[in-house]
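Hello,

Below is the structure I said I would pass on. My notes on it follow.

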Amino acid sequence: GDVAPTQIYAAGKIIALEPYNTIVTVNTDAASGDVTQTHIAWRTSADIPDICSPVSNGKLVWILTSGGTLTAFDLTDGSEVYSQSLNMEFNASPCIVGDTLHLLSIKGTMLLAETGRDYKEIKRLELGEKCHASPAFAPGRIVLRAQNNLYCIGNMP
């Protein structure tokens with residue numbers, strides 16, 4: 001199928017999404033050749049994103065649909081940990097900095113949430129400008145490309 005979200009690597013697994021269809025995780029231990037039958041760790045069909053890439057902290061993996069559903073799965077077995085409707089739209093992929101999920105909506109709202117097994121919002125920050133691109137991070141800074149401006153937010157030396 002058409003694969004728009006980027007695959008990621010976490011805890012010895014490749015996590016790949018086929019939009020609207022399936023998540024597949026593949027174990028990467030020293031195998032070669034066709035590992036379709038031998039190395040699939042888990043797969044699941046759920047509300048799969050068409051744009052946003054997954055993110056993982058090595059224990060959980062989160063997916064975010066453009067319609068605003070954030071779902072966390074256990075990376076070990078693929079069991080759904082939670083699914084949370086955020087009531088906003090997203091094109092930017094979720095990011096993790098430390099123990100915090102960063103979720104940037106199309107309208108420019110940055111949701112900060114804990115990376116635990118329950119959805120817990122920490123705060124919302126309003127940029128006041130539309131955003132479609134995923135944020136980038138550098139030590140002490142976040143870079144946001146918005147519709148009309150490029151922002152670098154953080155502590156300056």
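In this predicted model, strands β5, β6, β7 and β8 form an open sheet, in that order, with antiparallel pairing. The edges are β5 (55–56) and β8 (80–85); each has a single partner strand, so one side of each has no neighbour in the sheet.

The protein chain as a whole has 15 strands and zero helices. Its radius of gyration is 16 Å, which agrees with the value near 15 Å that a compact globule of 157 residues would have. Along the principal axes, the C-alpha atoms fill a box of roughly 50 × 35 × 30 Å. Of the 157 residues, 45% are buried. The accessible surface is about 8,400 Å², and carbon and sulfur atoms account for 48% of that. Taking contacts between residues at least 6 apart in sequence, 34% join residues at least 24 apart.

One residue I looked at separately is Thr-109, which lies in strand β11 (residues 109–114). Is Thr-109 buried or exposed? Its relative accessibility is 6%, and because buried means under 20%, Thr-109 counts as buried. Leaving out residues up to four places away in sequence, Thr-109 touches Met-88, Leu-103, Leu-104, Arg-124, Leu-125 and Glu-126. With Glu-126 there is also a polar contact, side chain to side chain, at 2.7 Å.

Regards

Terms used:
Residues are numbered from 1 along each chain as its sequence is written. This is a predicted model: local features need pLDDT of at least 70, side-chain atom pairs count only at pLDDT 80 or more; totals for chains, interfaces and linings use all residues. Side-chain values use heavy atoms; hydrogens and water are left out. Helices (H or I, at least four residues) and strands (E, at least two) are DSSP runs, numbered from the N terminus. Buried means under 20% relative accessible area, exposed over 50%, partly exposed in between (1.4 Å probe, protein chains only). A polar contact is a pair of N or O atoms within 3.5 Å; within protein, one must be able to donate a hydrogen and the other to accept it, and residues adjacent in sequence count only if both atoms are side-chain atoms. Contact means heavy atoms within 4.5 Å. Two strands pair if DSSP finds at least two bridges between them. The radius of gyration is taken over C-alpha atoms; the globule rule is 2.2 Å times the number of residues to the power 0.38. Accessible areas come from the Shrake-Rupley method with a 1.4 Å probe; for residues, only the protein chains shown count as cover.
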